[in-house]
Amino acid sequence: MPTPSLAALPIRRLTLRDLTACADLSEDRGWQREEHKWGLLLTAGKGYGIDDPDGGLVAACVVTEYGSWQRSDLGAIGMVLVAGRHARRGVGRRLMQHVVAAMGTTPLTLHATPYGRPLYEELGFKVTGRAEMLLGHFVPGGPEHGVATRAATAEDLPSMLCLDEEVFGVDRTPLITRLPAFADQLRVAEDGGRIIGYTAAWPNMDTHVVGPLIARDTETAKALITSLADRTDRPLRTDIDVRHEELLAWAKARGLASVAFNSVMTYGITDLPGDWTRRFAPLTVAAG
């Protein structure tokens, strides 16, 4: 039987049964397998993929939708991957076109690497910001931040969801409610008994990723990161909005080094909703 052309291979929805194939695809492109993250994205979001007749996946991506139960107010596209043996043959463009069409009038966002940005620009995405990836062992030191932090409890979840929607601009309940099971640490900052910020540290291979990071101000963000670092021996990784210059300088002084920059891009809207001054880092760039 002749092998069907790539253009003839159907695009289908991915499920948790595809977790290993998605991790294999990550590894094929030189990424870490990130099975823990793939598991979250495939359950909280919608995966799309193309099966390879020879086994595995030709390509994959995930869309995480936010908003009410009746409609999506924002879709975040991530983990757009094409197997190396099928690269530069239009597969990524076809998959992205399918996803954009499937999302209809829903505004979209994604974090683009320098390699992927030209394709997204061809499809109509616009650069609206940048995020800087930091990685390293946190070195304690410097003055105390004077912001009280503690481990989050089940009773904190309603307040966290309200704060998150206010800052992010759309409801992320299906994602945020998964954090207690997904993260190794989930912490809140308080002022007078009121939650003014929260963050999580979740395991990704040999690191702990810090995100989301929602905070009233930079001092609160510093206190939350410090509280996470005090409770892990792993290197920390996070992606900070470059407009938060003070936090970036502080994190670098504490041992986290710049690894890469990603472009924040949008489709169908001129900028992301919410309050960027309190939105310091995403849960993962794959989920916006």
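Predicted model: local features only at pLDDT ≥ 70, side-chain atom pairs only at ≥ 80, totals over all residues.
The structure holds 5 aromatic pairs. One of them joins tyrosine 120 and phenylalanine 125. The geometry of this pair is edge-to-face, with ring centres 6.2 Å apart and 65 degrees between the planes. Planes over 60 degrees apart count as edge-to-face, so the angle of 65 degrees places the pair in that class. Tyrosine 120 is buried, at 9% relative accessible area. Phenylalanine 125 is also buried, with a relative accessibility of 1%. Tyr120 and Phe125 belong to one aromatic cluster with Tyr267.

The rings of phenylalanine 138 and tryptophan 250 make a tilted pair. Their centres lie 5.6 Å apart, and their planes meet at 55 degrees. Phenylalanine 138 sits in the loop between β6 (126–136) and β7 (148–151). Tryptophan 250 belongs to helix α9 (residues 245–253). The pair therefore ties together parts that are 112 residues apart in sequence. Both phenylalanine 138 and tryptophan 250 are buried.

Two arginines lie over aromatic faces. Arginine 172 is placed over the face of phenylalanine 168, 3.9 Å from the ring centre. Arginine 243 lies over the face of tryptophan 276, and here the distance to the ring centre is 4.2 Å.

Threonine 266 is part of strand β12 (residues 257–267). This threonine is buried, because its relative accessibility of 1% falls under 20%. A polar atom of the threonine 266 side chain lies 2.9 Å from the backbone oxygen of isoleucine 269. Beyond residues up to four places away in sequence, threonine 266 touches Leu108, Thr109, Gly124, Phe125, Lys126, Thr128, Asp271 and Leu272. Among these contacts is Phe125, the buried partner of tyrosine 120 in the edge-to-face pair.

Side chains of opposite charge can pair when their charged atoms come close. The structure holds 23 salt bridges. One of them links aspartate 52 to arginine 85, with the closest N and O atoms 2.8 Å apart. Aspartate 52 is in the loop between β2 (46–51) and β3 (57–67). Arginine 85 is in the loop between β4 (72–82) and α3 (91–102). The bridge thus ties together parts that are 33 residues apart in sequence. Aspartate 52 is buried, at 7% relative accessible area, whereas arginine 85 is partly exposed, at 46%.

Glutamate 121 is partly exposed, with 37% relative accessibility. Arginine 117 is partly exposed as well, with a relative accessible area of 31%.

Glutamate 132 and lysine 252 form a further salt bridge, with an N to O distance of 3.0 Å. This pair links distant parts of the chain, 120 residues apart. Glutamate 132 lies in strand β6, and lysine 252 in helix α9. Glutamate 132 is buried, with a relative accessible area of 4%. Lysine 252 is partly exposed, at 39%. Helix α9 also holds tryptophan 250, the partner of phenylalanine 138 in the tilted pair. Finally, salt bridges that share partners join Asp24, Glu27, Arg33 and Glu35 into one network.

Methods. Residues numbered from 1 in each chain as written. Heavy atoms only, no water. Phe/Tyr/Trp six-rings, centres within 6.5 Å; stacked < 30°, edge-to-face > 60°. Buried < 20%, exposed > 50% of the residue type's maximum accessible area, 1.4 Å probe, protein only. Helix = DSSP H or I, 4+ residues; strand = E, 2+ residues; numbered from the N terminus. Lys NZ or Arg CZ within 6 Å of the ring centre and 35° of its normal. Polar contact = N/O pair within 3.5 Å; in protein donor to acceptor, adjacent residues only side chain to side chain. Contact = heavy atoms within 4.5 Å. Salt bridge = Lys/Arg side-chain N within 4 Å of Asp/Glu carboxyl O.
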